[in-house]
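Please read the following account with the sequence and the coordinates at hand. It is written for a reader who meets this protein for the first time.

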Amino acid sequence: MAAYEIIDHIHDVVVVGAGGAGLRATLGMTTAGLKTACITKVFPTRSHTVAAQGGVGAALGNMAEDNWEWHMYDTVKGSDWLGDQDAIEYMCRNAIPAVVELEHLGVPFSRTEEGKIYQRPFGGHMRNFGEAPVQRACAAADRTGHAILHTLYQQCLKHDAEFFVEYFVIDLIMDSDGACRGVVAWNLDDGTLHRFLGRITVLATGGYGRAYFSCTSAHTCTGDGNGMVARAGLPLQDHEFVQFHPTGIYGSGCLITEGARGEGGYLTNSEGERFMERYAPSAKDLASRDIVSRAMTLEIREGRGVGANADHMFLHLEHLGADLLWERLPGITETAKIFSGVDATREPIPVLPTVHYNMGGIPTNHHGEVLRPTADDPDAVAPGLMAIGECACASVHGANRLGTNSLLDIVVFGRAAALKAGELIQAGIPQPALPGDSADFAIGRLDRLRHASGSLATAEIRLDMQRTMQSNAAVFRTTEVLNEGCAKIDGVASGLTDVRVQDRSLIWNSDLVEALELGNLMACAKATMHSAAARHESRGAHAHEDYPDRDDGNWMKHTLAWTGADGKMTLTYRPVHTWTLTDEVKYIEPRARVY
């Protein structure tokens, strides 16, 4: 370890990640007077929140009658009753002030003629407890995430937040009592290593979509926070629930927002039939994403796919007219032209379900505090550690996330983490010094990979992993396919000991970065495959053909996947929260999930 220079930093709070969740937490903590470091491996406005298109969900009622209790019901129903209803109540109740706050911060929402925030319908969002679709998605054209991310970054700069840009966080620093004390990070620009000491460390590192071959995620979405938590001996929760977005562009996977269907777009098969009427008579094309994705897959299976290989569907927007498309959906109109060669104002867009979002992640409570569940206390907290955004599992999304609840999740729980940090710590209080060997685990991992001289390139192992996940943990699953997937993914993971890194430098070594990211992705992939193989039911995004029904008696519980020191997975479970935060709303009893 003496070969590496280590630079120490002391802060009240260390935030890892500068997407919407990380920036909202950083803004809240900085304005509360806490000395906060925000560490990010890409420039903040390149974070994946920039790609969110359709809107942020909140029952403002600007276009039609709405209220937050209907939003809560839709979220519980969308989660297929695996969501924790105390956290869901917290999110939906706080959605309205959170969006108003974003407006006041400067987010340039689209407007109605009266000057109110424009809202569009979105899949699974209904009025009067499932009666009919409602306009709940607060939109900035089809670039809502872009607008939110840039606004939050500007506000952070206004409040003099401290950023460490293009630093790669290698691992958490955990003390002998199991508390998180900070992180070890690598400055890609000059090759130096840094220890960031903080009373609280907040992980806001995003999802792990790049564990799959075809996904809507950026190449930076590599599950870094999840990997760090797994190596620290903490569990990953509900990783078997991976959302396939119905409308990824065929061939490229680029996202066509659900907002396109919210504006009146619809899907057809090779017979020109609007087939969603068969699968979801009430909501039709605006049913929940897992419902639409499975319907499309069934249509293709039964020979009604379009194209030369009959392997995708058509999304029609041309009937909406060029004026409306360029006003409300300019980004996806341009995306369709670039990535599919289609003029969406004149012809349909070829689409196929594509991996989009990870419902599972690092288990937390509704304050963002990471859990270290025990048999006696399934809600025990891991001191000094928080997680928010897609890397976390509060669990507000349960087995399936409703569209627009991702942007809502990041701003509500980014704010919640800041509020809780303000309660837990005071600014500037001296912290115990770190032991001299506190960085050894992280630096040892970096050094081993830096000098790895095996026979397999990182890209080879990564491709094997992605193809295994795409084939064995897809829209539909069977016992045979999942068991085969467990054996395959464990075999692929064993190749990490034979990885080859050719660049030995520490300055802008993308070869080494990708090797480190692959370790994080592999931890996520293994948790997903093993958790899915063990869950003998169909619920939300987990469609198990050998167990086609939801089984509340045996499987109304959260999966916890623990990674041992030998890399083997162990599964335990914790109960779903069947209570609410206040007496104002009652627990929503499970029922058939029909759209």
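The paragraphs below treat a strand, a tryptophan, a pocket and several salt bridges in turn.

The model is predicted, and local features need pLDDT of at least 70, side-chain atom pairs count only at pLDDT 80 or more, and totals for chains, interfaces and linings use all residues. Residues are numbered from 1 along each chain as its sequence is written, and side-chain values use heavy atoms, with hydrogens and water left out.

The account begins with strand β2. Helices (H or I, at least four residues) and strands (E, at least two) are DSSP runs, numbered from the N terminus. Strand β2 covers residues 36–40, and five of its five residues are buried, so the strand is largely enclosed by the rest of the structure. Here buried means under 20% relative accessible area, exposed over 50%, and partly exposed in between (1.4 Å probe, protein chains only). In a regular strand the side chains alternate between the two faces of the sheet. In β2, Thr36, Cys38 and Thr40 point one way, while Ala37 and Ile39 point the other way.

Two strands pair with β2, where pairing requires that DSSP find at least two bridges between the strands. Strand β1 (residues 6–16) runs parallel to β2 and is joined to it by four bridges; valine 13 has threonine 36 as its bridge partner in β2. Strand β6 (residues 162–165) also pairs with β2 in the parallel sense, over four bridges, and its valine 165 stands opposite threonine 40.

Tryptophan 186 belongs to strand β8 (residues 180–187). This tryptophan is buried, with a relative accessible area of 0%. Its side chain reaches the backbone oxygen of leucine 506 at 2.8 Å. The C-alpha atoms of tryptophan 186 and histidine 9 are separated by 13 Å, although the two residues are 177 residues apart along the chain.

Attention now turns to a pocket. On a 1 Å grid over the protein atoms alone, a pocket is an open set of points where a 1.4 Å probe fits, with protein on both sides within 12 Å along at least five of seven lines, and lining residues have an atom within 4 Å of a point. The second largest pocket has a volume of about 870 Å³, a volume being the space filled by probe spheres set on the points, which are joined across faces, edges and corners. Its lining comprises 30 residues, of which Arg231, Arg445, Leu496, Gly519 and Gly567 lie nearest the centre. Helix α15 (510–534) is among the elements that each supply at least two lining residues, and α15 gives the most, with five.

Arg231 also takes part in a salt bridge, defined as a side-chain nitrogen of Lys or Arg within 4 Å of a carboxyl oxygen of Asp or Glu. Its partner is aspartate 171, with the closest N and O atoms 2.9 Å apart. Arginine 231 lies in helix α5 and aspartate 171 in strand β7 (residues 167–174), so the pair ties together parts that are 60 residues apart in sequence. Arginine 231 is partly exposed, at 26% relative accessible area, whereas aspartate 171 is buried, at 1%.

By this rule the count comes to 36 salt bridges. One of them joins arginine 346 and aspartate 343, with the closest N and O atoms 3.4 Å apart. Arginine 346 counts as exposed at 68% relative accessibility, and aspartate 343 as partly exposed at 23%.

How values were computed:
A polar contact is a pair of N or O atoms within 3.5 Å; within protein, one must be able to donate a hydrogen and the other to accept it, and residues adjacent in sequence count only if both atoms are side-chain atoms.
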